[in-house]
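Please read these notes with the model open beside you. They go point by point, from single residues to the whole chain.

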Amino acid sequence: MRERFDVVIAGAGPAGAQCARDLAERNYEVLVLETESEDEFPRQSNKSTAGTFMSAMTGFAIPDDVVMNYTDNVVLESPNDHYVRSQTGAVLEFAEFKRWLVAEGRTNGATYRFDSRVSAPIMEDGEIVGVRYDGDEEVYADIVIDATGPAAPLAKKLDVCDLQRDHQAIGVEYEFEGVEVDHDDYADLRDAMMLRLDHDLAPGGYSWIFHTGEDTAKVGLCYIQNGSHQKYAKDGMGIDDYLEYWLDSDSRFDDAERIEGQQHRGSAHIQPPKSMSTDNFMAIGDTVPTIDPLWGEGIHKGMKSARAAAATADAALTPEEPDTSAESLSVYDQLWHSDVAPKHSARLMMTELLYLAPNERYDQLMADLRSTGQDTLRQINSGDRRAIAKLAHLSDVPLLVDYARRRFGI
């Protein structure tokens, strides 16, 4: 006899767990399959950062218990300058946050199976009807959701999202104690989340310091192996080498020591998203390419995508004769573009321009942000082309030509 659920979700990260939480609250039979063992969930090697803002905290009723530190500012650094924007945020204890989401889903009635690696879709008449996991185990569902992040075993086999390896960002992060967050030679990072644009440290990407209280902080960097990485990369250096290079060259880390066991790695696709759904299937969270320019805030976006997918599933399954066709589930794509990541083309353009810009343009960016007002940064991150245009200079023409050549192959 086939084991069957209303919805099967692959992956118990923030997106998968939030989707399960919402669907179980609506009394659907939901199964979440998670690769990791429950005793070790989540592994510390999983990506962390976990910086978010109050809209996520209130929108998803995230409790204070999983917050390491509330922050007051966002700081952008360039090689020789910085810009401070007042914005209340929260740095989450990511492991506790993920465990809390699982507990919430279970309280609502969701079923979780750990040590259950999803390997392939089960197809009938060209449509996904279930998944295989742990080798030959099978489970069937009206709707299958891929929330496995960039691994995306189901989305890739169904040709959803159009994930390309050469557009994949990789990152590494450690948690430290002994970080001088109020160093005289740098911006004050007490109760702040800082992102640094500097090709010397992260060619084709950025680095960060998120203050987690007293002298502790999350410190990491990420980059895409794009044109800028190829131009500015140091021979023979990998992602860990760049982090070590930063630690050795920045006096804020002179007395810093790694906190044992707090090492995190991750990746994300930076590219235009294709479709995110098909017959009986949706992709959520980091399985869908990311597009935000200055801070990805992947947690919030992933959970918003989960909520949009849950609402779509509810609408598809509610009628006496459920309709889980591609046309019905395409409502999720519409919600993603309107609510999760509106103006995604402009946001992706800004992301790519940032990674292509040289270091001296990053210094100019700090001055531009100071001259255009506090709201410019928020507008840029939301894809406002007029705000982006405020930062344009005649000297940016070569940068724009380079972007057009790479983006459109001209």
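1. Start with Val102. Leaving aside neighbours within four places in sequence, Val102 is in contact with Ala12, Ala17, Phe41, Tyr112 and Phe114. Contact here means heavy atoms within 4.5 Å. Val102 sits in helix 3, residues 94-108. Helices are DSSP runs of H or I with at least four residues, strands are runs of E with at least two, and both are numbered from the N terminus. Val102 counts as buried because its relative accessibility is 4%. The cut-offs are these: buried is under 20% relative accessible area, exposed is over 50%, and partly exposed is in between, with a 1.4 Å probe and protein chains only. The C-alpha atoms of Val102 and Met366 are separated by 40 Å, and the two residues are 264 apart along the chain.

2. A word on the source. This is a predicted model, in which local features need pLDDT of at least 70 and side-chain atom pairs count only at pLDDT 80 or more, while totals for chains, interfaces and linings use all residues. Residues are numbered from 1 along each chain as its sequence is written, and side-chain values use heavy atoms, with hydrogens and water left out.

3. Next, Thr290. Find Thr290 in the loop between strand 16 (281-283) and helix 7 (298-317). Is Thr290 buried or exposed? Thr290 counts as buried, because its relative accessibility is 12%. Not counting residues up to four places away in sequence, Thr290 touches Ala268, His269, Ile270, Gln271 and Lys301. Thr351 is 61 residues from Thr290 along the chain, and their C-alpha atoms are separated by 9.9 Å.

4. Now Asp250. Asp250 lies in the loop between helix 6 (239-249) and strand 14 (257-269). With 3% relative accessibility, Asp250 counts as buried. Which side chain does the side chain of Asp250 meet in a polar contact? The partner is the side chain of Tyr186, at 3.5 Å. A polar contact is a pair of N or O atoms within 3.5 Å; within protein, one must be able to donate a hydrogen and the other to accept it, and residues adjacent in sequence count only if both atoms are side-chain atoms.

5. Stay with strand 14. Gly266 lies in this strand. Gly266 is partly exposed, because its relative accessible area is 24%. Gly266 and Glu173 are 93 residues apart along the chain, yet their C-alpha atoms are separated by 8.8 Å.

6. Check two backbone angles. Asp191 has a phi near 55°, a positive value in a residue other than glycine. Asp191 is in the loop between strand 10 (168-177) and strand 11 (192-196). At 26% relative accessibility, Asp191 counts as partly exposed. Glu214 has a phi near 50°, again positive in a residue other than glycine. Look for Glu214 in the loop between strand 12 (205-213) and strand 13 (216-224). Glu214 is exposed, because its relative accessible area is 74%.

7. Gln364 belongs to helix 10, residues 359-372. Its relative accessible area is 33%, so Gln364 is partly exposed.

8. Finally, the whole chain. The secondary structure comes to 13 helices and 16 strands. With 410 residues, a compact globule would have a radius of gyration near 22 Å; the chain has 21 Å, which agrees. The radius is taken over C-alpha atoms, and the globule rule is 2.2 Å times the number of residues to the power 0.38. Along its principal axes the C-alpha trace spans about 65 × 50 × 40 Å. Of the 410 residues, 58% count as buried. Take the contacts between residues at least 6 apart in sequence: 71% join residues at least 24 apart.
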